[in-house]
Amino acid sequence: MRVSLWGLMDVVLHPKFAENRLVYLSYHKPLGNRRATMAIARGRFEGTSLTDVTDIFVAKSPTTVASSRLVFGLDGSLFVTTTADDSRAQDPGEYGGKILRLRDDGSVPPDNPFAKRKGYLPE
C-alpha cells in the first residue's frame, strides 16, 4: 500500500513502539472520481521504511474530513479526531467533527458509549 504525502494527516507511534515498531498514519484514501475518505493505516518501521502497511480503519463513505489527529490514551486506545465545518458534526451517523475511539488494531472497543446505540457510529 502506498500513502501519498499530500493526503497524510497525522503520524503517531504505538505506545510500545520500542517493542513492536508499529507506526500509525491517518490519511485521505482516494476512492476515484475525485472523491476520498479518511483512513488509518498501520505499518511496522524497519529502520528505513514501513513494511506490512495495512488499513485498520476506513470511513464507511466519502468524507470531507480535512484533517485528523491521532493520539494513544493511557489505556492503549487510539483516539482519532476529525474535522467538520457543517451540520455533520451534530449527526451521530457521520464521522466529521468527532472524536473516535478505537483499539490499536482498528476495531471498536465494546465499551464505547455508542457502540450499540441505533443511529450512532460505534467508533
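**Figure 1. The accessible surface of the whole predicted model.** The protein has an accessible surface of about 7,400 Å², and 53% of this area belongs to carbon and sulfur atoms. Accessible areas come from the Shrake-Rupley method with a 1.4 Å probe, and for residues only the protein chains shown count as cover. This is a predicted model, in which local features need pLDDT of at least 70 and side-chain atom pairs count only at pLDDT 80 or more, while totals for chains, interfaces and linings use all residues. Residues are numbered from 1 along each chain as its sequence is written, and side-chain values use heavy atoms, with hydrogens and water left out. Of the 123 residues in the protein, 39% are buried. Buried means under 20% relative accessible area, exposed means over 50%, and partly exposed lies in between (1.4 Å probe, protein chains only).

**Figure 2. The order of helix and strands.** The protein contains one helix and seven strands. Along the sequence their pattern is β-α-β-β-β-β-β-β. Helices (H or I, at least four residues) and strands (E, at least two) are DSSP runs, numbered from the N terminus. Among contacts between residues at least 6 apart in sequence, 37% join residues at least 24 apart; a contact means heavy atoms within 4.5 Å.

**Figure 3. The hairpin of strand 5 and strand 6.** Strand 5 (residues 68-72) and strand 6 run antiparallel and are joined by five bridges. Two strands pair if DSSP finds at least two bridges between them. Five residues lie between the two strands of this hairpin, and G76 in the turn has a positive phi of about 90 degrees. S68 stands opposite T82 in strand 6, and the bridge partner of R69 in strand 6 is T81. Strand 5 has a covered face made of S68, L70 and F72, while R69 and V71 are on its uncovered face. In strand 6 (residues 78-82), the covered face holds L78, V80 and T82, and the uncovered face holds F79 and T81.

**Figure 4. Strand 7 beside strand 6, with L102.** Four bridges join strand 6 to strand 7 (residues 99-102), and the two run antiparallel. F79 stands opposite R101 in strand 7. L102 is also found in strand 7. L102 counts as buried because its relative accessibility is 0%. The C-alpha atoms of L102 and F79 are 6.4 Å apart in space, although the two residues are 23 residues apart in sequence. Leaving aside neighbours within four places in sequence, L102 is in contact with I40, F57, S77, L78, V80, S107, P109 and E123.

**Figure 5. The largest pocket and its lining.** Rolling a probe the size of a water molecule over the atoms shows where empty space is left. The largest pocket has a volume of about 220 Å³. Its lining has 14 residues, and the closest to the pocket centre are K98, I99, F114, L121 and E123. A pocket is an open set of points on a 1 Å grid over the protein atoms alone, where a 1.4 Å probe fits, with protein on both sides within 12 Å along at least five of seven lines; lining residues have an atom within 4 Å of a point. Grid points are joined across faces, edges and corners, and the volume is the space filled by probe spheres set on the points. Strand 7 gives the largest share of the lining, three residues. The lining divides into nine nonpolar, one polar and four charged residues. Ala, Val, Leu, Ile, Met, Phe, Trp, Tyr, Cys and Pro count as nonpolar, Asp, Glu, Lys and Arg as charged, and the others, Gly among them, as polar.

**Figure 6. E94 in the loop between strand 6 and strand 7.** E94 counts as partly exposed because its relative accessible area is 26%. Not counting residues up to four places away in sequence, E94 touches R88 and L121. K60 is 34 residues from E94 along the chain, and their C-alpha atoms are separated by 9.2 Å.

Figure 7. R21 is not a glycine, yet has a positive phi of about 60 degrees. R21 is found in the loop between helix 1 (17-20) and strand 2 (22-32). With 30% relative accessibility, R21 counts as partly exposed. D52, in strand 4 (residues 50-58), also is a residue other than glycine with a positive phi, near 50 degrees. At 61% relative accessibility, D52 counts as exposed.
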